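Please keep the sequence and the structure open alongside the text.

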Amino acid sequence: MNRLTMLSRKPWIWSFVAAAAIWLVTILFTGGSSTASLSQATLTFAAFSIIVGLGQMLVITLGPGNVDLSVPATITLSGTVALKLMDGQDGMILVGLLVSIAIGLVIGILNYALIKFLRIPPIIATLSMSFLVQSCAIWYNRGLRVKPPEALASFSTSSTFGLPNTAIIALFLSLGVWWLLDRSLFGRWISAIGQNAFAARMAGIAVDGCRLATYVLCAVLAAICGYLLASFSGGAALNMGAEYLLMSIAVVVIGGSAVAGGNSNVPGIWGASLFMFLVVSMLNTYGFGAGVRLIMTGLIIISVIVAASRPTGSTR
Amino acid sequence: MRKTISGFLPILIPALSLVVLLAAVFYMQPRAMSYTGLNLLFNLAVPIALATIAQMIIMAVNDLDLSMGTFVSFAACVTAVYMPQQPLVACMILLAAIGVYAVLGIIITLRDLPSIVVTLGMSFVWGGLAVLILPAPGGQAPVWLRALMIAKPPFVPMAIVASVVIAFLAHLIIMRSTFGVLVRGLGGNSRSVARAGWSVLALKGAAYALAAAFAVLAGMALVGLTTSADANIALRYTLLSIAGVILGGGEFVGGRVSPIGAVIGALTLTLAGSFLSFLRISPDWQIGAQGAILIIVLALRLVINRSSQQEKAS
């Protein structure tokens, strides 16, 4: 009992409860016939939002106003460049990955340079940067659709021990970010910055270094996601990142991380990502039209937020 | 005298960037320096300016509306579908939507919710409603609205007149009225507003409703210009409106906003698009150049701010 109440106090538990409820409802509707395929698909697609969400979560941890809107453009550019560079050759897989990561590094550094040296609010800085990055992708892509290398394509669409490979990669990245956030000094520091940047600076934390590292990490994670997503879907498209803008922010908040920063958690990203995909597939299963589907998605998101919230003034 | 100059400074910088950009456009395309030219340049600025004012009101209470684009699209769809034949139904729907915004403001305050997420969720709802009302692009603009938007007042183009009227009205409401002071006070320190005996809940609801009213006007103005609507017609307004407020000298927190600056910011953003087409930049780089202009304007602001601060110090 004690353990149960402890669990119910965790901010991320609600996203899992909601995800499980929707999973059950969908399974019941189809009479249990789709259990395996639904779970597989959910894990596969949720993996992409998990990878992007992890980076966005770290940025949001930095405190009010910190958010990275260049995520979709980074996904697109990284996917486009990596695929064109690999040109379908298996030998270039590693080179493609390294180039993707390098793109993330550069975008992250440029993002923070705008924020730091031009003192542009992060929302506008990353937005402007996303315009530039998107243009680069359009210019580089030239409407071509290059197929990913055979080995990479089959890796990203297959499973190991019943788990989709993309989900396994997301799991490893999540463990890494969890260690960074919960166990390392860096995590303590970015949480401290998010709670009170001034106090953090006074306490001798290298605020600028931490923020730079966070923005770079977010861009790199987005770039890795772009690399995987392009390989998974058999080619890069110029709008492939678009849906991850709102998605990355939504999974962070539904996952129970504080929007005002300073208090984040990794498990919530998983719960929220699974939840978001399950909502879509549930509404698809029920055969609603596009309009009703959108309305239901919105109402469900808001209900989860309201259910997980506390009234003003209540003590924790 | 000194005091008035420093009071105008936040608006001076956005205005300056607008003038510089306008000069650049005139230099490249002298024919734009005419009644028709100006009207064409700034035509689409009217709905953007209205949406920017709406976003600014939300930002004045320290919130952010990520559903602005979908809400303006929704309002445009309602206007294009119902306004010509059943004006009463259209007005009822739009009023109800404003009511929903008021309720959102109250719920956000009551449960201490992050506005970003609630409006994010609402963006799905508005988008869904827009699709239900208008599944395929179409509809038509009511005659009076069309007439209003393409009216040709003497000497000054309609787009400029409308922008000035919007800026003036918003300035009166937000900067001069008691209500405006209270709303900005909420952004500055909501607890002190509450201690002074005002209902934070009612104020927040009213601020959201006012913002929704401006957003509805933005949707209607858009239909008046384009004569038809589509569920995705204004999606980019979400980011445009935020950028417009910031360009106009507004800030994300603290209730520091400037309605006149916001309208100027919206005009600057619109002009940036025309400027790029005059530059004959390859379409690949159009979006990127827009980002670059945004960065340059904000960088200039920093430089000017710094030099004015140094003057004060010396």
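In this predicted model, A:Leu171, A:Phe172, A:Leu175, A:Trp178 and A:Trp179 make up a nonpolar surface patch, whose accessible area comes to about 540 Å² together.

**The surface patch**
- A:Leu175, one of the residues of the nonpolar patch, lies in helix H8 of chain A, which covers residues 165-183.
- A:Leu175 has a relative accessibility of 46% and is therefore classed as partly exposed, given that the class runs between the 20% limit for buried and the 50% limit for exposed.

**A buried threonine**
- A:Thr214 belongs to helix H11 (residues 207-232) of chain A, and its relative accessible area of 0% means that A:Thr214 counts as buried.
- When neighbours within four places in sequence are left aside, A:Thr214 is in contact with A:Leu58, A:Val59, A:Leu62, A:Phe186 and A:Ile190.

**The contact between chain A and chain B**
- Between them, chain A and chain B bury about 3,600 Å², of which 82% is on carbon and sulfur atoms, and the contact draws on 39 residues from chain A and 41 residues from chain B.
- Of the area that chain A buries against chain B, 14% comes from A:Ile124, A:Phe131 and A:Ile295, which is more than any other three residues supply.
- On the side of chain A that touches chain B, at least two residues each come from helix H5 (93-117), helix H6 (122-141), helix H12 (244-254) and helix H14 (290-308).
- Zero salt bridges are counted between chain A and chain B, while the count of residue pairs in polar contact, both at pLDDT 80 or more, is one.

Technical notes:
Residues numbered from 1 in each chain as written. Chains lettered and ligands numbered in written order. Predicted model: local features only at pLDDT ≥ 70, side-chain atom pairs only at ≥ 80, totals over all residues. Heavy atoms only, no water. Patch = residues over 30% accessible without salt bridge, like charges linked within 9 Å, V, L, I, M, F, W, Y side chains within 5 Å. Areas by Shrake-Rupley, 256 points an atom, 1.4 Å probe, with all protein chains shown as cover. Salt bridge = Lys/Arg side-chain N within 4 Å of Asp/Glu carboxyl O. Helix = DSSP H or I, 4+ residues; strand = E, 2+ residues; numbered from the N terminus. Buried < 20%, exposed > 50% of the residue type's maximum accessible area, 1.4 Å probe, protein only. Contact = heavy atoms within 4.5 Å. Buried area = accessible area lost by both parts, 1.4 Å probe. Polar contact = N/O pair within 3.5 Å; in protein donor to acceptor, adjacent residues only side chain to side chain.
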